[in-house]
Amino acid sequence: MVERLRRAPAQYWMLVLMWIRSSLAYPASFVLMLASSMLITVMDFVAIVLMFSHIESFGGFTLGEMALLYATASMTLGVADLFTGAIERVGERIRTGTLDVYLIRPVPTFLQTAADGFALRRIGRPLQAGVVLAFALSNLQLEWTPAKVVMLVLSVITGSIIFAAIFVLGAAFQFLAIDSAELANSFTYGGQTLTQYPLSVFGKEIVRAVTFVIPLAFVNYYPVLYVLGKPAPLGLPSWIGLLSPLVAGAMVALASLAWRGGLRRYRSTGS
Amino acid sequence: MAVIELSNVSRAFTVTSRNGFRRTRREVRAVDGMSFTVEPGEVMGYIGPNGAGKSTTIKMLTGILVPSSGSIRVAGVDPSRNRLKLAKRIGVVFGQRTTLWWDLPLKDSFAVLQKMYDVPIARHRENLATFVELLDLGELLDVPVRQLSLGQRMRGDIAAALLHDPEIVYLDEPTIGLDVISKARLREFLAQVNAERRTTVILTTHDLDDIEALCSRVMVIDHGHQIYDGTLTGLRASQSAPRTLVVDLATSLPPIEIQGATVVKVDGPRQHLTFPTTTSAAPLLSQIAANYPLVDLSVAEPTIESVITQLYTPTHH
């Protein structure tokens, strides 16, 4: 197991390189996809800036604070999508039986499916999130403490891991229900749309759901509340954001169990 | 010691069929209580009609599918529990799907396989050089896989499956869709690999010429059960498929009437008669020569196809 983990980064990188080179076999398509992906993510934040030309604050958040929330939501989803988003293609491989090809190789199936058709254009979102983050940090007058710095950095890592775990859970679910990729997408891409806004505007029920059922609030909302010195909703303690690593750990364990279970249930196709 | 060992292995699938709004579930046993062993260096042909359970068996042997019951040992390990470890010691060729990178030149797939399987670089070069020569891949190395013809791609896939010196190779319909020349070349190559490297080969096929050319042992399965295991000669002898006598007469005549043989087809002056394998052809010939204007004749042994067709339909004899 240790040996497997030690080798994983190199193996993953090797597969990613193969897929990047594959995508460069169609250069025009690659450039167009990258441009359209950049344009979409840029417009995404422009919409929020436009909204703030009419209002002063949204759900108690100023433009700078919203930018921080947006940047962390976009960054975490972007990183998770870049490294594990392709795993949703497993549904297609299950349906056609081409997953067989991955199962006969001496490289963990998880790495092969996570790298499956690695799309470099997905780097657009983390890049855009980086720009928005710089904008947010220059806009906000925060009293930085070591705890806040750690919380912000940690939240980007653990948030990415939580989103990645949801991608994997969705992929594992496809072993049971083929072509259920959209279900997972509603929690990942949909979750990103949710988490870029102050969750309190959606009402208590939603806040409960994303705290206790699908822990999307731990991706960035609670950590950002802590960094901004705002109180947590539902009477929860303000340090609740510090639980993010635990939540991420639990999600990884769950995703790992589900993925293994899925692989053992795999039934291939008739030939 | 046996390199492959199956004992009482079954694999069931639940099949859901829909009839209007009604959904019915039923269990289908694709493989049902299969037991056999394969010795190192054997070339075993694994044949059976569509849906007999061939691919299911191969997938259990490679660890892709988990058996519903029974135990499997391949190269000393349980395939589904030690799939990654076993992967380095086996090679698999799926006739229906490629393991190569579709959009990249063939040589790139070979290069990444060297890293995946940790093949020492010197050994990799040596193997690659051998396979490039034997499979005539030289001009294809720089061609993206998607531009290769089916036969070319299959040669690439076979080289890919053998580059890491596997102890066992599973070939699932490797000659499907290939022309006669490509088939012959592939068979020759596989025979050579088996002879020089003592690689154990399990071959599923619908092409019985593959079996005749390569396999020292044949296993026939149907409905998940083993119905024959032995040599090809033994398979022929075990079945009482009739031999055929083709007789050319001087003129068109009514069907020949003699003892011990029956006319099955009249084609102008040519008549086809069948007679049991147990009967000698000589007395029949003298009977015909004595009573009819005989011009020419030939005796045909039962084809392996007809032997196997008989095996699949045991009610006919």
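Biologist: How many residues of chain A are in contact with chain B, and what makes a pair count as a contact?

Modeller: In this predicted model, 19 residues of chain A are in contact with 24 residues of chain B. A pair counts because the two C-beta atoms lie within 7 Å.

Biologist: Which elements supply the side of chain A that touches chain B?

Modeller: Two or more residues each come from α1 (2–23) and α5 (99–103) of chain A. The biggest share is that of α1(A), with four residues. Sorted by class, this side of chain A has nine nonpolar, five polar and five charged residues.

Biologist: Why is α3(A) called roughly antiparallel to α7(A)?

Modeller: Helix α3 (residues 63–84) of chain A and helix α7 (residues 124–139) of chain A pack at about 155°. Angles over 145 degrees count as roughly antiparallel, so α3(A) and α7(A) get that name. Their axes are 8 Å apart, and the crossing of α3(A) and α7(A) is left-handed.

Biologist: What kinds of residue make the contact of α3(A) with α7(A)?

Modeller: That contact has 15 nonpolar residues, five polar ones and two charged ones.

Biologist: How do you know whether Ala35(A) is buried or exposed?

Modeller: Count the other C-beta atoms within 10 Å of its own: for Ala35(A) there are 12. A residue with 12 or fewer is exposed, so Ala35(A) is exposed. Ala35(A) is found in helix α2 (residues 27–51) of chain A.

Biologist: How far is Ala35(A) from Gly124(A), in sequence and in space?

Modeller: Ala35(A) and Gly124(A) are 89 residues apart in sequence and 8.8 Å apart in space, C-alpha to C-alpha.

Biologist: What makes you say that strand β11 of chain B is hardly covered?

Modeller: Strand β11 (residues 262–267) of chain B has six residues, and the number of them that are buried is zero. To be buried, a residue needs 20 or more other C-beta atoms within 10 Å.

Biologist: How do you know that β11(B) and β12(B) pair?

Modeller: Strands pair if there are at least two bridges between them. β11(B) and strand β12 (residues 270–275) of chain B have five bridges, so they pair, in the antiparallel sense. One bridge joins Thr262(B) to Thr274(B) in β12(B). The two strands form a hairpin with two residues between them, and Gly268(B) in the turn has a positive phi of about 65°.

Biologist: What does chain B contain as a whole?

Modeller: Chain B has ten helices and 13 strands. Of its 317 residues, 36% are buried.

Key:
Residues are numbered from 1 along each chain as its sequence is written. Chains are lettered from A and ligands numbered from 1 in the order in which they are written. This is a predicted model: local features need pLDDT of at least 70, side-chain atom pairs count only at pLDDT 80 or more; totals for chains, interfaces and linings use all residues. Ala, Val, Leu, Ile, Met, Phe, Trp, Tyr, Cys and Pro count as nonpolar, Asp, Glu, Lys and Arg as charged, and the others, Gly among them, as polar. Axes are lines fitted to C-alpha atoms, for helices over the stretch in contact, and angles run from 0 to 180 degrees between N-to-C directions. Angles under 35 degrees count as roughly parallel, over 145 as roughly antiparallel, 65 to 115 as roughly perpendicular and the rest as oblique. A crossing is left-handed if the near helix is turned anticlockwise from the far one by less than a right angle, and right-handed if clockwise.
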